[in-house]
Amino acid sequence: EQPDSEYHQISAKPSQKLLLRWMRANPLLFKEKMLSACNLPYTRKEIVEESTASKITSRKKFFSSNMSLSYDEPIEMLGSALQYMYSADGKTYLDCVNNIPHVGHCHPKVVEAGQKQMARLNTNSRYVYDSLNEYSKKLLSSFPDSLSKIFFVNSGSAATDLAVRLAKKHTGRDGFQVLEHAYHGNTSTAIALSPYKFDGKGGGGKGDGIQVLGLKAYGLGIKTPDSRLPRCNRGIPPAAFIAESVPGCAGQVLLDKEQMQDRVRWIRKHGGLYIADEVQTGFARVGKYFWGFELYDVVPDIVILGKPIANGHPMGAVVCSNEVAKSFETGMEFFSSFGGNPVSCEIAKTVLEVIEDEGLQANALEVGDFLLAELKSIKSPGILEVRGTGLFIGIEFVKNQKAEEPDPETASAIVAEMKNRGFLLSTDGPYENVIKFKPPMCFSKENAKELIKELTQILLTSRQTDN
Ligand code: PMP
């Protein structure tokens with residue numbers, strides 16, 4: 001409560017250190033042991049495995065089978081703190097893959113901001129309240145000057161949907177250029193822009209007016225002179241080119257700067273817009289910059305925001321230029337019941353403050369650089385490439401370096417073994433052969449060292465077995 005009081009901090013420091021150690025160990029187990037030592041009642045489930053199994057059975061009754069669970073042996077989670085998660089069977093996991101709790105699971109300042117505002121006032125953007133303006137001003141100040149208008153919604157998908165409406169209205173066209181394996185959300189509109197879905201299992205294929213640009217050699221496809229660049233809809237150029245700033249579902253692919261600049265130049269020359277999807281990469285995750293599109297020195301016309309924006313509280317936003325916003329002023333009201341409500345704004349404002357106060361952009365850069373270098377130094381014939389930036393990294397596995405035959409089996413076996421050792425990771429990419437790393441931004445160098453140690457050990461053991 002008084003972080004600047006030197007007097008209090010003398011005795012508080014060691015206790016903070018201890019709290020952090022408990023967080024790494026397991027605060028739930030600790031509490032249990034303390035209660036038990038004091039002969040006080042505690043609620044330890046006796047046969048946790050059975051009860052988790054029966055919960056999975058119930059879940060299957062309530063939901064359709066396309067709602068998946070992570071891991072062959074799913075984890076029942078009871079709690080979390082910053083980069084750690086605690087399961088019902090008393091295990092502690094280091095979260096190396098969830099970029100939604102951006103500043104850390106259950107970050108106390110974020111939780112407090114939500115609790116306080118929820119108890120004070122929650123309403124909608126048709127009323128005047130300070131947090132809407134305060135947050136918008138703070139968020140917009142992180143963008144280039146040309147991006148000066150904002151709309152609030154409740155998810156990345158809703159933001160994609162709105163971005164598409166804006167682009168269509170502004171250009172009077174309805175075609176879109178998308179990147180191969182891209183994912184932009186779960187609404188009908190977003191699925192239509194997501195080859196990851198429409199070209200994936202159960203997908204219905206590409207719709208009218210959608211043009212898919214190749215991701216060859218982890219860049220933006222083969223360079224084609226302007227005149228030969230394909231157009232949508234019988235010669236009418238597309239409304240927009242949309243791209244994740246570092247495509248995640250495609251396997252953490254850094255785009256080619258020159259080709260991105262070419263593509264943006266081309267779309268503008270033909271009267272279209274550039275939409276940047278920052279749902280995965282925004283809010284300083286890429287380390288060097290606050291926004292992923294800055295990696296390529298390009299400025300979008302529209303930006304889609306979600307996931308990390310409010311640390312897990314459901315929120316999304318669309319940021320755009322004044323001109324794009326003006327074209328949308330048709331007389332039809334834009335209203336989102338929950339978008340930009342005071343609770344969301346207070347939470348999101350606190351997320352921005354914590355990123356600043358705790359130096360999380362610098363941390364993403366330092367820990368990311370360290371991890372990239374360490375991962376690259378692992379000499380394993382199965383690793384084709386380690387790539388990424390900041391705390392957004394991918395490790396691609398192949399069966400044979402020369403043929404570059406994807407190896408999803410090894411990637412998923414490593415993820416499973418890392419889970420056994422207390423590290424949460426996942427796979428992605430068109431062949432599911434890329435291990436994704438995108439942890440909460442408080443992921444420390446010590447955490448990176450732990451991760452490297454276990455990963456190296458697994459890779460070396462699997463190589464011995466192969467031999
Ligand atoms: N865009 C990207 C790049 C995403 O990764 C996602 C979610 N995985 C979305 C949009 C959609 O966000 P949401 O799930 O919040 O609707």
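Let's start with D301, which forms a salt bridge with R268, their closest N and O atoms being 3.1 Å apart. By salt bridge I mean a side-chain nitrogen of Lys or Arg within 4 Å of a carboxyl oxygen of Asp or Glu. This is a predicted model, where local features need pLDDT of at least 70, side-chain atom pairs count only at pLDDT 80 or more, and totals for chains, interfaces and linings use all residues. Residues are numbered from 1 along each chain as its sequence is written, and side-chain values use heavy atoms, with hydrogens and water left out.

Back to our pair. D301 is buried, with a relative accessible area of 12%, while R268 is partly exposed at 36%. Buried means under 20% relative accessible area, exposed over 50%, and partly exposed in between, using a 1.4 Å probe and protein chains only.

What about K436? K436 forms a salt bridge with D428, the closest N and O atoms being 2.8 Å apart. K436 is buried at 7%, and D428 is buried at 5%. Now look at K326 and E329: their closest N and O atoms are 3.2 Å apart in a salt bridge, and both residues are exposed. The count comes to 18 salt bridges.

Now, the ligand. One of its nitrogen atoms is 2.7 Å from an N or O atom in the side chain of D277. For Q280, a side-chain N or O atom is 2.7 Å from a ligand oxygen. K307 places a polar side-chain atom 3.1 Å from a ligand nitrogen.

Key. A polar contact is a pair of N or O atoms within 3.5 Å; within protein, one must be able to donate a hydrogen and the other to accept it, and residues adjacent in sequence count only if both atoms are side-chain atoms.
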